[in-house]
Amino acid sequence: MGVPMDDETADAIRLVVSELITNAVVHGKGPVTVALYHQPGRLVIDVLDDNPSAPHTSCAQSDDESGRGLALVGLLASRYAWEPSGYGKRIWAEIALPMAAPAVRAAVLRRLFALRPKRGIVTEPESLTLAVA
């Protein structure tokens, strides 16, 4: 059980993820790593590649087929930025998510504790990291 995500937020997440990964594959070099971090009220999309060059926003003309990706990320994300990372760079974007009402949060916690593993059984947490190219 969770907070339903509206279509607009889901579309924004898909577009931001697509743009950041596409930019890393097309303009970056080396392996591309994507990580998603969920915290209450926000999702952070983190993309790393081995090209240390700063990403730049293009001034696309109306008939250009590309050059609008980072401008779209800037419009759809609550915040976004880039920074050098190792031999390459990290670019991230934060998307605001709907917050759960207290009653919904309580129901989620009850369900979580009902499903927790029995004593002595060790489970590995699921990773949200994905290596792309």
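Me: What is the crossing of α1 and α2, left-handed or right-handed?

Reply: The crossing of α1 and α2 is left-handed, and please keep in mind throughout that this is a predicted model.

Me: Ok, and at what angle do α1 and α2 pack, and how far apart are their axes?

Reply: The angle between α1 and α2 is about 145 degrees, and their axes lie 9 Å apart. Two packed helices are described by these quantities, the angle between the axes and the distance between them.

Me: Which residues in α1 and α2 meet?

Reply: From α1 the residues are Ala12, Leu15, Val16, Glu19, Leu20 and Asn23, and they meet Gly69, Leu70, Leu72, Val73 and Leu76 in α2.

Me: There's a glutamate in that list. Is Glu19 buried or exposed?

Reply: Glu19, which is found in helix α1, counts as buried because its relative accessibility is 18%, and the cut-off for buried is under 20%. Setting aside residues up to four places away in sequence, Glu19 touches Gly69, Leu72 and Val73.

Me: Back up a bit. How many helices and strands are there, and in what pattern?

Reply: The protein has 3 helices and 5 strands, and read along the sequence they follow the pattern α-β-β-α-β-β-α-β.

Me: And what share of the residues is buried?

Reply: Buried residues make up 26% of the 133 residues in the protein. The protein exposes about 9,400 Å², of which carbon and sulfur atoms supply 58%.

Me: What about contacts between residues 24 or more positions apart, what percentage do they account for?

Reply: Counting the contacts with a separation of 6 or more, residues 24 or more positions apart account for 59% of them.

Me: Changing topic, which residues form the nonpolar patch on the surface?

Reply: The patch is formed by Leu15, Leu72, Leu75 and Leu76, which together have about 330 Å² of accessible area. Helix α2, residues 69–76, gives the most to the patch, with 3 residues, while Leu15 lies in helix α1, residues 7–27.

Me: Why does Leu15 count as partly exposed?

Reply: Leu15 counts as partly exposed because its relative accessibility is 31%, and that class covers the range between under 20% for buried and over 50% for exposed.

Me: Now the charges. How many salt bridges does the count come to?

Reply: The count comes to 6 salt bridges. As background, side chains of opposite charge can pair when their charged atoms come close.

Me: Start with Arg42. Which residue does Arg42 form a salt bridge with?

Reply: Arg42 forms a salt bridge with Glu94, and the closest N and O atoms are 2.4 Å apart. The pair links distant parts of the chain, with Arg42 in strand β2 (residues 42–49) and Glu94 in strand β4 (residues 88–96), 52 residues apart. Arg42 is partly exposed, with a relative accessible area of 24%, whereas Glu94 is buried, at 10%. There is also a network of salt bridges that links Arg42, Arg79 and Glu94.

Me: And Asp46, what is its partner in a salt bridge?

Reply: Asp46 pairs with Arg90, the closest N and O atoms being 2.5 Å apart. This pair also links distant parts of the chain, Asp46 in strand β2 and Arg90 in strand β4, 44 residues apart. Asp46 is buried, with a relative accessible area of 4%.

Me: Where else does Arg90 meet a side chain in a salt bridge?

Reply: The side chains of Arg90 and Glu83 meet in a salt bridge at 2.9 Å, N to O, and Glu83 is partly exposed, with a relative accessible area of 34%.

Me: Last one, Val44. Which residues is Val44 in contact with?

Reply: Leaving aside neighbours within four places in sequence, Val44 is in contact with Ala35, Leu36, Tyr37, Trp92, Ala93 and Glu94. Val44 has its place in strand β2 and is buried, with a relative accessible area of 10%. The C-alpha atoms of Val44 and Ile13, which are 31 residues apart along the chain, are separated by 9.7 Å.

Methods:
Residues numbered from 1 in each chain as written. Predicted model: local features only at pLDDT ≥ 70, side-chain atom pairs only at ≥ 80, totals over all residues. Heavy atoms only, no water. Patch = residues over 30% accessible without salt bridge, like charges linked within 9 Å, V, L, I, M, F, W, Y side chains within 5 Å. Areas by Shrake-Rupley, 256 points an atom, 1.4 Å probe, with all protein chains shown as cover. Salt bridge = Lys/Arg side-chain N within 4 Å of Asp/Glu carboxyl O. Helix = DSSP H or I, 4+ residues; strand = E, 2+ residues; numbered from the N terminus. Buried < 20%, exposed > 50% of the residue type's maximum accessible area, 1.4 Å probe, protein only. Axes fitted to C-alpha atoms, helices over the stretch in contact; angles between N-to-C directions. Left-handed = near helix turned anticlockwise from the far one by under 90°. Contact = heavy atoms within 4.5 Å.
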